[in-house]
Amino acid sequence: YRWKEDFQADLAAGITVGVMLVPQAMSYAKLAGLHPIYGLYTGFVPLFVYAIFGSSRQLAVGPVALVSLLVSNVLGGIVNSSSELYTELAILLAFMVGILECLMALLR
């Protein structure tokens with residue numbers, strides 16, 4: 001890493017992403033039928049994990065509208081979105097998708 005050449009630009013990029021990501025992630029959580037705090041988790045945790053394990057310098061990670069709509073559509077048919085079970089099922093769904101992706105990565 002070239003501190004003198006890259007740090008200032010990386011800091012500006014990080015602030016820009018943070019300013020855009022907070023309201024966007026909260027909105028996507030509401031779109032999925034979850035509390036806005038879960039949007040913040042899905043916005044920031046993947047960034048930190050990818051910073052440690054990722055290999056691409058140009059990759060967007062975080063919540064997207066399509067996934068939020070799919071979660072809302074699938075879970076909305078099973079349970080009422082205002083119940084605590086809805087949140088638990090959304091977390092379980094995310095965990096299952098993560099396990100499936102890790103399995104596919106191992107099997108290539």
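Reader: What is the handedness of the crossing of helix 3 and helix 4?
Author: This is a predicted model, in which local features need pLDDT of at least 70, side-chain atom pairs count only at pLDDT 80 or more, and totals for chains, interfaces and linings use all residues. Helices (H or I, at least four residues) and strands (E, at least two) are DSSP runs numbered from the N terminus. A crossing is left-handed if the near helix is turned anticlockwise from the far one by less than a right angle, and right-handed if clockwise. The crossing of helix 3 and helix 4 is right-handed.

Reader: Which orientation class describes helix 3 relative to helix 4?
Author: Axes are lines fitted to C-alpha atoms, for helices over the stretch in contact, and angles run from 0 to 180 degrees between N-to-C directions. Angles under 35 degrees count as roughly parallel, over 145 as roughly antiparallel, 65 to 115 as roughly perpendicular and the rest as oblique. The axes of helix 3 (residues 65-76) and helix 4 (residues 84-107) come within 11 Å and cross at roughly 125°. The relation of helix 3 to helix 4 is therefore oblique.

Reader: Which residues of helix 3 and helix 4 make the contact, and how many of them are nonpolar?
Author: Contact means heavy atoms within 4.5 Å, and here V71, S72, L75 and G76 of helix 3 meet Y86, L89, A90 and L93 of helix 4. Ala, Val, Leu, Ile, Met, Phe, Trp, Tyr, Cys and Pro count as nonpolar, Asp, Glu, Lys and Arg as charged, and the others, Gly among them, as polar.

Reader: How is helix 1 oriented relative to helix 2?
Author: Helix 1 (residues 3-31) packs against helix 2 at an angle of about 135°, and their axes are 7 Å apart. At this angle, the orientation of helix 1 to helix 2 is therefore oblique.

Reader: What is the handedness of the crossing of helix 1 and helix 2, and how many charged residues does their contact have?
Author: The crossing of helix 1 and helix 2 is right-handed. On helix 1, V17, L21, V22, A25, M26, A29 and K30 take part, and they meet P36, Y38, G39, L40, G43, F44 and L47 of helix 2. By class, the contact of helix 1 with helix 2 has 11 nonpolar and two polar residues, and the charged count is one.

Reader: Which geometry does the ring pair of Y1 and W3 have?
Author: Rings of Phe, Tyr and Trp (its six-membered ring) pair if their centres lie within 6.5 Å; planes under 30 degrees apart count as stacked, over 60 as edge-to-face and the rest as tilted. A search of the whole structure finds three aromatic pairs. For Y1 and W3, the ring centres are 5.0 Å apart and the planes stand at 75°, so the geometry is edge-to-face.

Reader: Are Y1 and W3 buried or exposed, and which residues form one aromatic cluster?
Author: Buried means under 20% relative accessible area, exposed over 50%, and partly exposed in between (1.4 Å probe, protein chains only). Both Y1 and W3 are exposed. One aromatic cluster is formed by Y1, W3 and F7.

Reader: Which geometry does the ring pair of Y38 and Y41 have?
Author: Y38 and Y41 lie in helix 2 (residues 36-53), three residues apart, about one turn of the helix. Y38 is partly exposed at 25% relative accessibility, and Y41 is partly exposed at 48%. The ring centres of Y38 and Y41 are 6.0 Å apart and their planes are at 70°, so this pair is edge-to-face.

Reader: What percentage of the residues of the chain count as buried?
Author: Read along the sequence, the chain follows the pattern α-α-α-α, with four helices and zero strands. Its C-alpha atoms fill a box of roughly 55 × 35 × 20 Å along the principal axes. Of the 108 residues of the chain, the buried share is 16%.

Reader: What is the phi of R108?
Author: Residues are numbered from 1 along each chain as its sequence is written, and side-chain values use heavy atoms, with hydrogens and water left out. R108 lies in the segment after helix 4 and is exposed, with a relative accessible area of 89%. Most residues other than glycine have a negative phi. R108 is not a glycine, yet its phi is positive, at about 50°.
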